[in-house]
Amino acid sequence: MAKSSTITLSSILTNHKRQVGATWLMVIIENVLMALLPLFIGYSIDSLMTKSDAQQTHDVYVLAGLLTGLIAVSIVRRLYDTRIYGGIRIEIGLQTHAQLAQHPVATRNARLDMSRELVDFLEDELPPLLTAAIQLSVSIIILANFNQWLGVSAVAAGCIMLLIYSAFHQHFIRLNAALNTQMERQVKVLTLMPLGALRVHLEKLNSREIHLSDTEAYVYGLIFLVLFGFVITNLLLTTQVTDPSAGELFSIVTYSLEFVEAAILLPITLQTFSRLSEISQRLNVS
């Protein structure tokens, strides 16, 4: 099958589906093992407190096996990622240069750097997104297993967060477009314009970065309020769990906190996705 000539996240994934698929599989295995740790720590706590010596050590050995598997998969994935994504960066850089050959050097220089951001996202930020998705799913399932309202609380918090982000998505794209346009002018400013023009350029860059940062702060502030409400709600709902053991209480609190941790990663990654959507439009202009 011929490779796509466009440069987008989708085309990169299509053209390198086997390589990226292998790293995604390792990410999934790594995060499933990580997501199960609090549950098995809870089992181990209960075993150490209530069971005989043989039963006590069994759950501890299972926990040790999970930790060993997690470490092994994590090391292999990182060794693999560095080599695979390095090759993809080279390929995308050459493709970007070929497609923008008729554009000024300033534009090509800026967009060559932007093209690397697409691969950086796949290597550095997409795994945390998968981590967040797995942690959110596992947390919801396990919390609902202890009490259905704990799971309902988590689902409601997740839906509200996505609604908040979706309301700001297009605004993020517009702000990133303004920032990227200013960045493309930098080489021209440095080579053709007087020193005073450089100050104006840097002030404009700073202004666009401030607008972007302010919007992020508002979005994250709203999301933190939602997560604060989720934690308080789950603490109150914990009282409705029938005769919880120490291990069960540990698991409920831990999975509630893991849900919060994963939920914080989600809007950060989605904001980067908004930026990359705008970059993809620039890279594929004729």
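**Entry: Ile28**

I started with Ile28, which is found in helix H2. Helices here are DSSP runs of H or I with at least four residues, strands are E runs of at least two, and both are numbered from the N terminus. The model is predicted, so I noted its limits: local features need pLDDT of at least 70, side-chain atom pairs count only at pLDDT 80 or more, and totals for chains, interfaces and linings use all residues. Residues are numbered from 1 along each chain as its sequence is written, and side-chain values use heavy atoms, with hydrogens and water left out.

Buried means under 20% relative accessible area and exposed over 50%, with partly exposed in between (1.4 Å probe, protein chains only). I then looked across to Gly221. Ile28 and Gly221 are 193 residues apart along the chain, and their C-alpha atoms are separated by 29 Å.

**Entry: the whole chain**

Next I stepped back. I found eight helices and zero strands in the chain. Along the sequence, the pattern reads α-α-α-α-α-α-α-α. The radius of gyration is 24 Å, well over the 19 Å that the globule rule gives for 286 residues, so the chain is more spread out than a compact globule. That radius is taken over C-alpha atoms, and the rule is 2.2 Å times the number of residues to the power 0.38. Along the principal axes, the C-alpha atoms fill a box of roughly 80 × 40 × 35 Å.

I also checked burial and surface. Buried residues make up 42% of the 286 residues. The accessible surface comes to about 15,200 Å², and 67% of this belongs to carbon and sulfur atoms. The areas come from the Shrake-Rupley method with a 1.4 Å probe; for residues, only the protein chains shown count as cover.

How far apart in sequence are the residues that contacts join? Among contacts between residues at least 6 apart in sequence, 83% join residues at least 24 apart. Contact means heavy atoms within 4.5 Å.

**Entry: the cores**

I turned to the nonpolar cores. A core is a set of buried Ala, Val, Leu, Ile, Met, Phe, Trp, Tyr and Cys residues joined through side-chain atoms within 4.5 Å. The largest core has 35 residues, and Leu150, Leu227, Phe230 and Phe259 have the most contacts inside it. Helix H2 (17-50), helix H4 (105-146), helix H5 (148-184), H7 and H8 each supply at least two residues of this core. A second, separate core has 17 residues, including Ile7, Leu9, Ile92 and Met114.

I followed Leu227 further. Not counting residues up to four places away in sequence, Leu227 touches Met161, Phe259, Val260, Ala263 and Ile264.

**Entry: aromatic pairs**

Then I looked at rings. A pair of aromatic rings is described by the distance of the centres and the angle of the planes. Rings of Phe, Tyr and Trp (its six-membered ring) pair if their centres lie within 6.5 Å; planes under 30 degrees apart count as stacked, over 60 as edge-to-face and the rest as tilted. By this rule I count two aromatic pairs. Tyr165 and Phe172 have ring centres 5.9 Å apart and planes at 20°, so this pair is stacked. Both Tyr165 and Phe172 are buried.

What is the geometry of the rings of Phe230 and Phe259? Their centres lie 4.6 Å apart and their planes are at 40°, so the pair is tilted. Phe230 sits in helix H7 (residues 195-237) and Phe259 in helix H8 (residues 246-283), so the pair ties together parts that are 29 residues apart in sequence. Phe230 is buried at 2% relative accessible area, and Phe259 is buried at 1%.

**Entry: His201**

I placed His201 in helix H7. His201 is buried, with a relative accessible area of 2%. Which side chain does the side chain of His201 meet in a polar contact? I found that of Gln182, at 2.9 Å. Such a contact is a pair of N or O atoms within 3.5 Å; within protein, one must be able to donate a hydrogen and the other to accept it, and residues adjacent in sequence count only if both atoms are side-chain atoms. Leaving out residues up to four places away in sequence, His201 touches Gln182, Arg185, Gln186 and Val189.

Leu129 lies in helix H4. Leu129 touches Leu266 and Thr269, again not counting residues up to four places away in sequence. The C-alpha atoms of Leu129 and Leu270 are separated by 8.7 Å, although the two residues are 141 residues apart along the chain.

Ala177 lies in helix H5. Apart from neighbours within four places in sequence, Ala177 is in contact with Glu278 and Arg282. Ala177 and Arg89 are 88 residues apart in sequence and 22 Å apart in space, C-alpha to C-alpha.
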